[in-house]
Amino acid sequence: MKNSFIGDEKFIDEALRLAVKGIGQTNPNPMVGSVIVKNGKIIGRGYHKRAGTAHAEVLALRDAGADVSGATLYTNLEPCAHFGKTPPCVESIINAGIKRVVCSAIDPNPKVQGKGVARLKKSGISVSVGTEKEAAHALNESFFVFHEKKRPFVALKFAMSLDGKLATRTGDSKWITGEKARAFARELRGAYQAILVGVNTVIRDNPHLGVRAKGRRDPVRVIVDSHLRIPLRANVLRDSNVIIATTSSAPKKRIEELEKRGIRVLVFKARISIPKLLAELRKAEIISVFVEGGGEILGSFIDAKIVDKAYIFCAPVLVGGKDAHSIGGKGVQKIAQGLRLKTESVSTLGDDIIVIADRLT
């Protein structure tokens, strides 16, 4: 299927660079960039800005303005061929007289998957698939996992001391890492559609859980709270952009009060199962979840072996104490049973070390 020409990588790289501009804004859609090239020069650029608005290919065609017949369109994901919130991109491409389309990857969404390429080929347009495929997958890793594994992409984030403690024996954790590392962690939130914590974190720290950046969307705040102990004046309940997972043992009056405020409450039976919770979040079209803790919540995802990425912040401090807080859950009996990750990068911010690791597939 791949039929690359000299220069294809260069123009796909530009499409990828444009696509990144939509980070955190396009959910549940993927980040897509597109460029139109004629006679070796870029004459049009576009990227998908927000779900429900025009797609990258259409914006690139608009930007080109002049006659694009005979030109090549580059995009990091297969153009859509179905009617959603916007018309199919392939029809705009065909009608514009584009001669060739180069895309990095087939769209994993069953509504699109291969149909866009097939429609373009049927119309006589030459199509090349696979240029910078790995980079395209990495950019939209959440989107691919959501459609291929039928669940949201899960990233864990935690800060710990050199001896593996998340907090002291009294629960104090402010601050294990320095300001630079904490600022980077806030930036990471903006890349994910939802952020998840347990109610103990809310009660103890009263976190904001927002991006705190002008013009950037805050993620959906997902709170795991089996008995609905969450304070109604908690910072995370400042608006209705919240989902609370609880159980049938929670007070019905509290559920009704939260729902009156527009907050969605998911009620499970005896316990909150991580796979079942993720299944509900998938129904809500949440493609990615950033899990920030606390220790028991982190442990529950590790026990369930549902981890796609981990951001581990390690500070040069020793906490000590057998009763100090660390990652909870049941854990494994043998090291060989542990969830093995692949280290993608190790860097420093100030005195802190940041390890980013992906799950081995």
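Me: What does D205 form a salt bridge with?
Reply: In this predicted model, D205 pairs with R204 in a salt bridge, and the closest N and O atoms are 3.4 Å apart. R204 is partly exposed, with a relative accessible area of 39%.

Me: How many salt bridges does a search of the whole structure find?
Reply: The search finds 16 salt bridges, and one of them joins the side chains of E91 and R119 at 2.9 Å, N to O. Because E91 sits in helix α3 (residues 89-96) and R119 in helix α4 (residues 115-122), the pair ties together parts that are 28 residues apart in sequence.

Me: And what about K283 and E280, how far apart are they in helix α10?
Reply: They are 3 residues apart in that helix, which spans residues 274-283, so about one helical turn separates them.

Me: Which residues are linked in a network of salt bridges?
Reply: A network of this kind links E14, R17 and R45.

Me: Changing topic, why does the radius of gyration agree with a compact globule?
Reply: With 361 residues, a compact globule would have a radius of gyration near 21 Å, and the protein has 23 Å, so the two agree. Of those 361 residues, 49% count as buried, and the secondary structure comes to 11 helices and 14 strands.

Notes:
Residues are numbered from 1 along each chain as its sequence is written. This is a predicted model: local features need pLDDT of at least 70, side-chain atom pairs count only at pLDDT 80 or more; totals for chains, interfaces and linings use all residues. Side-chain values use heavy atoms; hydrogens and water are left out. Helices (H or I, at least four residues) and strands (E, at least two) are DSSP runs, numbered from the N terminus. The radius of gyration is taken over C-alpha atoms; the globule rule is 2.2 Å times the number of residues to the power 0.38. Buried means under 20% relative accessible area, exposed over 50%, partly exposed in between (1.4 Å probe, protein chains only). A salt bridge is a side-chain nitrogen of Lys or Arg within 4 Å of a carboxyl oxygen of Asp or Glu.
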